[in-house]
Amino acid sequence: MGVALGAGGSLFGQYLLSRVSARQLKAQESAAHRAELKDAVLKFLGVAAQVEKTALPRTEEGGRPVGDELGPLVDELWLAQAEIDLAARSEGLRGATYRYAFRLAEAARGEVSDASALREPQKEFMDAAYDDMWPGRRRAGATVGRRS
């Protein structure tokens, strides 16, 4: 009887240990995903800021952005978008990143002349990035169901 109880206790202990190990592994994988995605998001945002800074002042002044300056930046933007596409777990983030990059590319071509046209795609991108990194958590300062 004691042997059976000991064996049962041992099996139960191994079961609990495997559950803890599985949770630890999942937590480590989530942390690695967040770190990889965070790097890709920050890279994308850096390039996006450069595109916006270079494209919009010229279009607001009435001049067409210079392709020599913007061409390489737009190429870098699409590469950064592809990095997020590979790292993202959700289609929501992939789509939001593409839409934001597309609007930025329109700005680079002179088709968007007002920075406010970029704010909604930018907000959707940031919300989607947060949701991909921390599924189920609500982003601080996010407004639900309200448009700016």
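## Basis of the model

The model is predicted, with local features needing pLDDT of at least 70 and side-chain atom pairs counting only at pLDDT 80 or more, while totals for chains, interfaces and linings use all residues. Residues are numbered from 1 along each chain as its sequence is written, and side-chain values use heavy atoms, leaving out hydrogens and water.

## Overall fold

The chain contains 4 helices and 0 strands, where helices are DSSP runs of H or I with at least four residues and strands are runs of E with at least two, numbered from the N terminus. Of the 148 residues in the chain, 32% are buried, a term that stands for under 20% relative accessible area, found with a 1.4 Å probe and protein chains only.

Leaving aside residues up to four places away in sequence, I84 touches L37, A40, V41, F44, L93, T97 and F125, a contact being heavy atoms within 4.5 Å.

## The surroundings of H33

H33 lies in helix α1, which covers residues 2-60, and H33 is buried, with a relative accessible area of 7%. Beyond residues up to four places away in sequence, H33 touches A87, A88, R89 and D132.

Note on methods
Buried means under 20% relative accessible area, exposed over 50%, partly exposed in between (1.4 Å probe, protein chains only).
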